[in-house]
Amino acid sequence: NVNENENSLVLSTTIGNDRWLLLADAEALAEGEVTERLSGPVDVVKVAHHGSLTSSSADLVEKTQSVWALISVGKNNYGHPSPEVLALWKRSGSKVLRTDRDGTIEFNYFCDFLKIIQIHDNKRSWYQKILCLGFS
């Protein structure tokens, strides 16, 4: 009996020169398949299953070598994101952003030389801009 989260749609795409991996609610089984098929590093990962302990295997985190780890999560009774998963992504060198603490996260791409990452703080109605000249 397979967990329904294992049927999540996983998407790998390139925007600008950044490689993205969007893992939806994938858990260990689906992540294992993704890890096997992954060829090279990924710049931005939308962390699977709200940072649940049932996903973000050490193999996947190591293989992605991501610059950004984005966690879509709100108030919940499940303990998401897991402290272990947060530590794993941070130890890998990824910059971890969480929607419950950081608010809305936007990546905007312009031309071939400018990327603006905006973090909108929903509580204080302001945002921080991170400018990246030249794509990584």
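**Entry 1**

Buried means under 20% relative accessible area, exposed means over 50%, and partly exposed is whatever falls in between. I want that written down before I look at helix 1. I also note that this is a predicted model.

**Entry 1: the overall plan**

I looked up the secondary structure of the protein chain and got four helices and eight strands. Going from the N terminus, the order of the elements is β-β-α-β-α-β-α-β-α-β-β-β. The chain has 136 residues, and buried ones make up 44% of them.

**Entry 2: helix 1**

Which residues of helix 1 are buried? I find Ala30, Glu31, Val34 and Thr35 on that list. Looking down the axis of helix 1, I see these buried residues fall within an arc of 140°, so they line one face of the helix. Then I turned to the face pointing away from the buried side, where Leu29, Glu36 and Arg37 are exposed.

**Entry 3: the largest pocket**

I checked the largest pocket next, and its volume is about 210 Å³. It is lined by 11 residues, and the closest to its centre are Val10, Ala30, Glu33, Val34 and Arg37. Which elements give two or more residues to this lining? They are strand 2 and helix 1, the latter covering 28–37. Helix 1 gives the most, with four residues. I sorted the lining by type as well: five residues are nonpolar, two are polar and four are charged.

**Entry 4: helix 3**

Helix 3 runs over residues 83–91, and its Val85, Leu86, Leu88 and Trp89 are buried.

**Entry 5: aromatic rings**

A pair of aromatic rings is described by how far apart the centres are and by the angle between the planes. I count two aromatic pairs here.

The ring centres of tryptophan 20 and phenylalanine 107 are 5.0 Å apart with the planes at 75°, so I call this pair edge-to-face; the cut-off for that label is over 60 degrees. Tryptophan 20 has 11% relative accessibility, so it counts as buried. Phenylalanine 107 is buried as well, at 13%.

The other pair is tryptophan 68 with phenylalanine 107: the centres are 5.8 Å apart and the planes are at 90°, so this one is edge-to-face too. Tryptophan 68 belongs to strand 4 (residues 68–71), 39 residues away from phenylalanine 107 in strand 6. Both of these residues are buried.

Putting the pairs together, I get one aromatic cluster made of Trp20, Trp68 and Phe107. I also spotted lysine 95 lying over the face of tryptophan 68, at 5.2 Å from the ring centre.

Histidine 80 and proline 81 are joined by a cis peptide bond, with omega at about -10°. Proline 81 is in the loop between strand 4 and helix 3.

Histidine 50 has a positive phi of about 60° although it is not a glycine, and serine 56 also shows a positive phi of about 60° without being a glycine. I place histidine 50 in the loop between strand 3 (44–46) and helix 2, and serine 56 is in the loop between strand 3 and helix 2 as well. Is each one buried or partly exposed? Histidine 50 comes out at 27% relative accessibility, so it is partly exposed, whereas serine 56 is at 5% and therefore buried.

**Entry 6: two contacts across the chain**

Alanine 24 is in the loop between strand 2 and helix 1. Its C-alpha atom is 6.2 Å from that of histidine 49, 25 residues apart along the chain. Valine 67 is in the loop between helix 2 (58–64) and strand 4.

Key
Residues are numbered from 1 along each chain as its sequence is written. This is a predicted model: local features need pLDDT of at least 70, side-chain atom pairs count only at pLDDT 80 or more; totals for chains, interfaces and linings use all residues. Side-chain values use heavy atoms; hydrogens and water are left out. Rings of Phe, Tyr and Trp (its six-membered ring) pair if their centres lie within 6.5 Å; planes under 30 degrees apart count as stacked, over 60 as edge-to-face and the rest as tilted. Buried means under 20% relative accessible area, exposed over 50%, partly exposed in between (1.4 Å probe, protein chains only). A charge sits over a ring if NZ of Lys or CZ of Arg is within 6 Å of the ring centre and within 35 degrees of the ring normal. On a 1 Å grid over the protein atoms alone, a cavity is a set of points where a 1.4 Å probe fits but cannot get out, and a pocket is an open set with protein on both sides within 12 Å along at least five of seven lines; lining residues have an atom within 4 Å of a point. Grid points are joined across faces, edges and corners, and a volume is the space filled by probe spheres set on the points. Ala, Val, Leu, Ile, Met, Phe, Trp, Tyr, Cys and Pro count as nonpolar, Asp, Glu, Lys and Arg as charged, and the others, Gly among them, as polar. The arc is that of the directions from the helix axis to the C-beta atoms.
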